[in-house]
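Here are a few notes to keep beside you as you look around this model for the first time. Take the points in order, with the view open.

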Amino acid sequence: MSRPGKIKKRQTKPDPLYGNKLLMRLINKLMRDGKKTVAEKIVYKSLDLIKNKNLDPLTVFTTAIQNISPKMEVRPRRVGGASYQVPVEVRGERRISLAIRWLIFAAKNRPNKQYHTFSEKLAAELIDAYNNTGEAIRKRDLTHRNAEANKAFSHFKW
């Protein structure tokens, strides 16, 4: 059973302060219960914290997302009775989605002792990702290592 037509992907509007679509995707992903203004405040506060450290917030953000973005991942593929982890290249939209998801997850898991607000955690994670360190970068490296380890099954590609 398949759908009769192709669904058009909705375009994200750029965020009001910086005019950046990627930033709006982060805000939308961070949003809970439809409270976009709360999510915007958190993101803009973290960008202000980055600005206070004499760094360009947009450059830090875009570079961090590029650094976190995975190039390869593994997808399960059933062949006969067995399920194999087949390494595949990650396409554009999914690459950015994974990067944003990992960034938020890594920021949430930062210890509360050092940081008081989520904005501080997000700013710290963005700066770490900008410098190619931090939990989100470790997640990317783990994904790449997993794909490398399962290279033997790459002939099972779709």
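This is a predicted model: local features need pLDDT of at least 70, side-chain atom pairs count only at pLDDT 80 or more; totals for chains, interfaces and linings use all residues.

1. Residues are numbered from 1 along each chain as its sequence is written, and side-chain values use heavy atoms, with hydrogens and water left out.

2. Where does Asn 67 lie? Asn 67 is in helix H3, residues 57-68; helices (H or I, at least four residues) and strands (E, at least two) are DSSP runs numbered from the N terminus. Asn 67 counts as buried because its relative accessibility is 15%; buried means under 20% relative accessible area, exposed over 50%, and partly exposed in between (1.4 Å probe, protein chains only). Leaving out residues up to four places away in sequence, Asn 67 touches Ala 129, Tyr 130, Asn 132, Ile 137 and Arg 140, with contact meaning heavy atoms within 4.5 Å.

3. Tyr 130 belongs to helix H5 and, at 29% relative accessibility, counts as partly exposed. Beyond four places in sequence, Tyr 130 touches several residues, including Leu 55, Thr 59, Val 60 and Asn 67.

4. Next, turn to helix H6, residues 135-149. Which of its residues are buried? They are Ala 136, Ile 137, Arg 140, Thr 143 and Ala 147. These cover an arc of only 120 degrees around the axis, so they sit on the same side of H6; the arc is that of the directions from the helix axis to the C-beta atoms. The buried residues pack against H3, strand E1 (72-79), strand E2 (82-89), helix H4 (92-108) and H5 (118-130). On the face turned away from that buried side are the exposed residues Arg 138, Arg 145, Glu 148 and Ala 149.

5. Finally, Asn 150 is found in the segment after H6. Its 14% relative accessibility is why Asn 150 counts as buried. Apart from residues up to four places away in sequence, Asn 150 touches Val 74, Gln 85 and Pro 87.

How values were computed
The expected span of a helix is 1.5 Å times one less than its number of residues.
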